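Please keep the sequence and the structure open beside you as you read.

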Amino acid sequence: MKFLKAAISLLVALGLVFALNRPWGALPALGPFISPFTGFWQNGEPLLADSTETVELKLDSLRESVTIRYDDVGVPHIFATNTFDVYYAQGYVTAKDRLWQMDLQTRAAAGRLSEVLGNATVEMDRRSRRMGMGYGAEVNLKTAMSDPVSREALLGYTAGINTYIRQLKPKDFPIEFKLLGYEPELWTPLKCMYMLEQMTLTLAGRADDLAMTNLMKALGKDSVDDIFPNYPKLMESPIIPAGTPWNFTPLPIPKATAAKPDSGSMVSWRSLPLSEPNVEGLGSNNWAVSAEKSATGYPILANDPHLELTLPSIWYQVQLTTPDMNVYGVSLPGIPGVVIGFNKNVAWGVTNVDADVLDLYQITFRDSSHTEYKYNNAWQKTRKREELIVVKGLDEPIREMVVYTHHGPVLHYEGESHHGPSLAVKWIGHEPGNSFKTFYELNIAKNYDDYRQALTHYVGPAQNFIFADNGKNIAMTVNGKFPLKWKEQGKYVLDGSNPAHDWQGWIPADQNPHVKNPVRGFVSSANQSSTAPDYPYYINWRFAPSERGIRINERLDRMTAATADSLRDLQNDNFSVLARTILPTLLTYLNSRPLNASQKAAYQVLESWDMIHSPEALAPSIFDEWTNRLATAIWKDELHSDSLSFRYPTRDRTLYLILNEPNAVWFDDKTTAAKETIGDIVYGSFKATLDTLTSKHGPMSPAWQWATVKNTEIRHLSRLLKPFNAPPVQNGGGGSMVNATTRHHGPSWRMVVELGPEPKAYGLYPGGQSGNPGSPLYSSMLDKWEKGELNPLLYLASPKDTNPRLTSTWILTKK
Amino acid sequence: MKTLLNYLLMVAATALLQLFMPWWTIALVPFVVYLLRPERPLVAYATSLAAIATVWMVYAIFLHTTSGGSMSDRVAQLFFLPNGGALVGTTTLLSGLVAGFAGLAGHYIRSAVVSEKQA
């Protein structure tokens, strides 16, 4: 009996310990997780005390000592004596605040999520491998490591991160590691390159080639040329002002070859490892006003990059100083240096260029071994790269053989899915370059010439680099490595066997579109067309819609005696150029139609609307839904397929159709026997809009307020851990507005810099410096961001500066 | 007196060992204590439970309040609990349960071995 009792109680005790010591499905091992000594309890950080403590750390592999002053926002101001140490310290503090984010993003880029997440992410990993992210990261690393400064920075940054990781005990791991049940692994310089690849994929990883090829087949050349023109037909305000002279002799343009591959129907982009095409809200604004236009007598520069809004935030503020450098701005966790910022003499910023730097080539393989493909009337050998995808819970890694042609990796094989031929990708992400060096040289730039020199190292993702300096210059360069193409090369799928379809070299860097001190007194960009059609080279057939750019340029044109606050106000502009352009015409079509009481009420709301997408207005909710439905009502009957990639014409072309071609055949809904007119389509989509809003939000009431309907949400990077999301956001704006806040995208950093003897800068992002959901600094800037306010940025001259906003001091010395 | 001593011994030992040993020290300590020290089974169970639950509860409450529940309130939602306070309760209960059975196992093994020797 005693033995039985002993056995039973021991079994129960051991059983409990065993059960609590192992993960169950998605649940982490509960014992260590719930223990106050090791588990999630350790991740709650004390509420902010006005701490002015001094922390001294002895660390491995530092060269000299480093002083870090923190301010009340949690920004580290780093004072080092040499390049290695400054990036070492940046790596250390970034890891301290953002380690899990850095781990996840590099895993995603490298196709290594399944190692820690298991089966669910195998397809995502396979896509990253097929896209050649590893290949791209490796060729970029080789270039970066062959440059002494980049090498020093990458090694310093890596050493700093690893020093931080090595001193962590399991109880110190960020909460996400504890929840997902894995440990941080050491950093490598290659991971920095993966971060750059990931950025390139996000900003320059999409292609219309498949859709356009399918459209060409379905509609024929005349229709496609008509509704997919190569420059906006209705309105545009290009980034480089029209009339800017091109002071260079262009290279000869390669001859267009008419021979299009007999392509058949193209697979959907969803089967390929590409980014979703045409996401509105993924773009950016920047502008700078000249000294003449400003109240300060010096230029003022503003930038707000629009990206997916997540927590932890995409950006991390930092000040980096050495005897050669004193720069403040935002960095990307995982990449040394400052990407957008300012120093004593200059300020710069970036917006994305919608360049066509990703082209798909139809490949004919000799046989199913994929070892040879047709090129220039001969069989050419492929190269193969075996990718091992390690999957948590599987004993053996999954082997994925990625086949490389001279264009690039093969993304899709004939017969693999329902449609389409084999396709290889030619992508700027595989081109060796040293983007870090561009940012490094901007970080230490003193003048306009330094800026121009810095840009020459840059490959991609192409950006509109805006610039202002104390010498009272303002400038804009549409910058990146652009392939030299014939007009429309890459608008459709190219023939991988025809040498004439290869990229034929590059646009010389000094011939990239550029303007310095234009007479209009400002420079600006909002992802719209880079240039007027007279630029001699082809960059793309479509860019982001023009409305943001038009609004920015109108307001800057009128602006005098500008201050930082005038530019801040413009960043929060919610006026809709789209509504101004189209709404009066749409309402005219409703005049002759019978409207019931609620439709009349909605009509009146729209008619009396000031066209501002303010958070509390009802009209934007109606207008936004209506314009979306209208585009669908016009195009879906002709331009849609469930299995093939199609796309609608640009918004500009749709507006042109409504305003100037009211009798176009496109208005007829082919799915009905009747012949619809534009009036029928406008009326029908208006009614459907109100029905949709009513079914979602009830009859028209404050429940239709724009902020509620738009429902901007800032999600945790995992997208799964909902309690780590930000509280609901109530703000205005929208995809076509300067304040480009959509449901999941928006201004991920807002910065305004007044140049001058001492720079005065303002900025914040919708989140916080800490990536720890249990930190008071997790989303501490969100309230101000939501209201459109900015924080003054603390630009220190020396580690001994005094300022009431400074909190703790960290002194790092070598062990 | 003996019970109080055992209680204090377990509180001190777990609080100390947990700083560098894994979480399952909360089973190990009561198990060893009652393997070595004679006690009635129910008292062994209850004292183990109380001692370890005290350690985890006090530390959890401390971390919960100093952080304003910033992490515990969020993790509570992940586990479908109303707030971090409920999570303090869960933490306390779970640690107590493990410790109680571990203490009991220590006690019964001791009695089995001792009765074997006496026989």
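## Where the chains meet

In the contact between the two chains, 34 residues come from chain A and 34 residues from chain B; two residues are in contact if their C-beta atoms, placed from the backbone, lie within 7 Å. On the side of chain A that touches chain B, the elements giving two or more residues are α1 (2-20) and α2 (30-34) of chain A. Helices here are DSSP runs of H or I with at least four residues, strands are runs of E with at least two, and both are numbered from the N terminus. α1(A) supplies the largest share of that side, eleven residues.

By residue type, the side of chain A that touches chain B divides into 22 nonpolar, nine polar and three charged. Ala, Val, Leu, Ile, Met, Phe, Trp, Tyr, Cys and Pro count as nonpolar, Asp, Glu, Lys and Arg as charged, and the others, Gly among them, as polar.

## About the model

This is a predicted model, in which local features need pLDDT of at least 70 and side-chain atom pairs count only at pLDDT 80 or more, while totals for chains, interfaces and linings use all residues. Residues are numbered from 1 along each chain as its sequence is written, and chains are lettered from A and ligands numbered from 1 in the order in which they are written.

## Chain B, helix by helix

Chain B has five helices and zero strands. Its C-alpha atoms fill a box of roughly 55 × 25 × 25 Å, taken along the principal axes. Of the 119 residues in chain B, 49% are buried; a residue is buried if 20 or more other C-beta atoms lie within 10 Å of its own, exposed if 12 or fewer, and partly exposed in between, with C-beta atoms placed from the backbone. Among contacts in chain B with a separation of 6 or more, 73% join residues 24 or more positions apart.

The unreviewed UniProt entry lists residues 7-36, 42-63 and 84-109 of chain B as "transmembrane region"; UniProt positions are given in the numbering used here, feature names are shortened, and annotations may be inferred rather than shown by experiment. Residues 7-36 of chain B are 77% helix and 0% strand, with end C-alpha atoms 14 Å apart. For residues 84-109 of chain B, the figures are 100% helix, 0% strand and 37 Å.

## A helix pair in chain B

Helix α1 (residues 2-17) and helix α2 (residues 25-36) of chain B pack at an angle of about 145°, their axes 10 Å apart. Axes are lines fitted to C-alpha atoms, for helices over the stretch in contact, and angles run from 0 to 180 degrees between N-to-C directions. Residues that meet here include B:Leu9 and B:Met10 from α1(B), and B:Ile26 and B:Val29 from α2(B). The contact of α1(B) with α2(B) has eight nonpolar, three polar and no charged residues.

## The listed active site in chain A

Which residue does UniProt list for "active site"? The unreviewed entry names A:Ser284, and A:Ser284 lies in strand β4 (residues 283-289) of chain A. A:Ser284 is buried, because 26 other C-beta atoms lie within 10 Å. Leaving aside neighbours within four places in sequence, the contacts of A:Ser284 include A:Asp304, A:His306 and A:Asn527.
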